[in-house]
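Try each task before you read its solution.

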Amino acid sequence: MGLMICEALLCILVFFAGACVFSFLNVIVYRVPKKMSFIKGRSVCPACSHDLGAADLIPIFSYIFLKGKCRYCSGKIGVRDTLTEAAGGAAALFCALYYGYYGGDYVKAVLIFAFAGVLTVVALMDIDTMEIADGCSVAIVVLAVAGMFLMREITIGQRLIGMICISVPMLLLAIVIPGAFGGGDIKLMAAGGLFLGGRMVLASAVFGILLGGGYGIYLLASKKKGRKEQFAFGPFLCAGMILGLLWGNQMIDWYLGILI
Ligand SMILES: [Zn+2]
């Protein structure tokens, strides 16, 4: 019984630590496109610019206790940051349990949690600015290089294939159809492929294109955007990579099983 309480507390701690990390990522998403320092400077309310105190900055809890309103100006606080923090907590708990506790590989758990963190920054920044910062793709390359030593089940050969098998076709497509993909999308998939390896990034691209294509069709059908207008594709590529990471290998085995 004592052990169960201890494990439950540990789970809560891991969840909260993940929420804190993603809370910091929210700061990066907000400040980097504005060329602000994300280490120096206090967080302020976007509505009234009042400095926020420690009690306003506790991930998830502050939003719940303040009922989604700024305590100084009563302005509404967007729910996105809090949902991102909750997603970070869930990601940390999932990685710790799935890859760490049950998989016996806590290093892999940390690497994959970090990968999910970078993808979250990419997705949110792309929604805000329609651009994917090169720094994010560089961060994924750093994780991929770490993976060459720490996640050896994906070989260096598979990683190199992964780096080009999606990014090069995307590049060719972007040359033939200008505006099909942004340069940031292509660099993201090259970096992602280096982390995931050929099989998983292939599945990721299929998931990403299905999700993004589905959303594009929805926009056209609901006449929210015209045929020529653009929407951020990065979030779908990021979601595709998470799905590819979780189910890519199974999906490709299943697909090959149907063919052969
Ligand atoms: Zn305020």
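**Exercise 1.** Is Phe94 buried, partly exposed or exposed, and at what relative accessibility?

*Solution.* Before we start, note that this is a predicted model: local features need pLDDT of at least 70, side-chain atom pairs count only at pLDDT 80 or more, and totals for chains, interfaces and linings use all residues. Residues are numbered from 1 along each chain as its sequence is written, and side-chain values use heavy atoms, with hydrogens and water left out.

Step 1: take the cut-offs, where buried means under 20% relative accessible area, exposed over 50%, and partly exposed in between (1.4 Å probe, protein chains only). Step 2: Phe94 has 36% relative accessibility, so Phe94 is partly exposed. Step 3: Tyr98, at 46%, is partly exposed as well.

**Exercise 2.** Describe how the rings of Phe94 and Tyr98 are arranged.

*Solution.* Step 1: rings of Phe, Tyr and Trp (its six-membered ring) pair if their centres lie within 6.5 Å; planes under 30 degrees apart are stacked, over 60 edge-to-face, and the rest tilted. Step 2: searching the whole structure gives 15 aromatic pairs. Among them is Phe94 with Tyr98, stacked at 5.0 Å centre to centre with 15° between the planes. Step 3: both residues belong to helix 3 (residues 80-101), four residues apart, about one turn of the helix; helices here are DSSP runs (H or I, at least four residues), numbered from the N terminus.

**Exercise 3.** Work out which residues hold the zinc ion, and with what geometry.

*Solution.* Step 1: donors are N, O and S atoms within 2.8 Å of the metal (3.2 Å for Na, K and Ca); water is not among the atoms, so sites may look incomplete. Step 2: the SG atoms of Cys45, Cys48, Cys70 and Cys73 coordinate the zinc ion at 2.3 Å. Step 3: four donors are tetrahedral if all angles lie between 85 and 135 degrees. Here the angles run from 103 to 119°, so the arrangement is tetrahedral. Step 4: the donor spacing in sequence reads C-x2-C-x21-C-x2-C. Cys45 sits in the loop between helix 1 (2-31) and helix 2 (61-65), and Cys73 in the loop between helix 2 and helix 3, so the pair ties together parts 28 residues apart in sequence.

**Exercise 4.** Count the disulfides, then check Cys95.

*Solution.* Step 1: a disulfide is a pair of cysteine sulfur atoms within 2.5 Å. Step 2: the count by this rule is zero. Step 3: for Cys95, the nearest cysteine sulfur belongs to Cys11, 13 Å away. Cys95 is buried, at 4% relative accessible area.

How values were computed. Helices (H or I, at least four residues) and strands (E, at least two) are DSSP runs, numbered from the N terminus. Four donors count as tetrahedral if all angles lie between 85 and 135 degrees; four count as square planar and six as octahedral if opposite donors are over 155 degrees apart and all others between 65 and 115; anything else is irregular.
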